[in-house]
Amino acid sequence: MTGTGARAPSFGAVLLGGAPRFLRDAFGPTVVFYAGWKLSGLLTGVAIATVWTAAVYAWERRQGRRGLAARIGLGIALVQAATALATGSAIGYFAPPLIAQVIYGLAFLASVAIGHPLAG
């Protein structure tokens with residue numbers, strides 16, 4: 001117990017509380033994009049994934065949560081949609097998060113190289 005009388009969260013409680021939202025936010029847009037793309041083409045895949053992400057954000061807000069992760073996801077989905085439509089390619093849909101992850105990884109490597117690790 002903590003000093004406030006509240007119990008410390010257990011691993012199981014955190015997993016059961018956060019895992020469904022994590023799966024919905026992390027894999028939902030990709031799965032619905034892929035299904036729409038394969039069933040009906042790029043435009044359908046982009047539209048379904050964007051609507052999915054907007055619906056998740058709206059759901060989070062209606063639940064009284066700030067929806068920070070959903071808001072970030074919506075921003076990423078809009079960039080992905082614009083890139084996919086501009087390139088006319090499914091590769092364009094997946095390029096923005098891939099580029100962001102490469103930059104993120106390089107920032108961590110650079111921080112170690114200069115002696116101020118971001119993960120420290």
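This is a predicted model: local features need pLDDT of at least 70, side-chain atom pairs count only at pLDDT 80 or more; totals for chains, interfaces and linings use all residues.

Residues are numbered from 1 along each chain as its sequence is written, and side-chain values use heavy atoms, with hydrogens and water left out.

Is Phe33 buried or exposed? Phe33 counts as buried because its relative accessible area is 0%. Buried means under 20%, exposed over 50%, and partly exposed in between, with a 1.4 Å probe and protein chains only.

Now the rings. Six aromatic pairs turn up in the whole structure. Rings of Phe, Tyr and Trp (its six-membered ring) pair if their centres lie within 6.5 Å; planes under 30 degrees apart are stacked, over 60 edge-to-face, and the rest tilted. Phe33 and Tyr93 are stacked, at 3.8 Å centre to centre and 5 degrees between the planes. This pair links helix α1, which holds Phe33, to helix α4, which holds Tyr93, 60 residues apart. Helices are DSSP runs (H or I, at least four residues), numbered from the N terminus. Tyr93 is also buried, at 1% relative accessibility.

Phe33 and Phe94 pair edge-to-face, at 5.4 Å and 85 degrees. Phe94 is in helix α4 too, 61 residues from Phe33. At 33% relative accessible area, Phe94 is partly exposed. Phe33, Tyr34, Trp37, Tyr93 and Phe94 form one aromatic cluster.

Notes. Helices (H or I, at least four residues) and strands (E, at least two) are DSSP runs, numbered from the N terminus.
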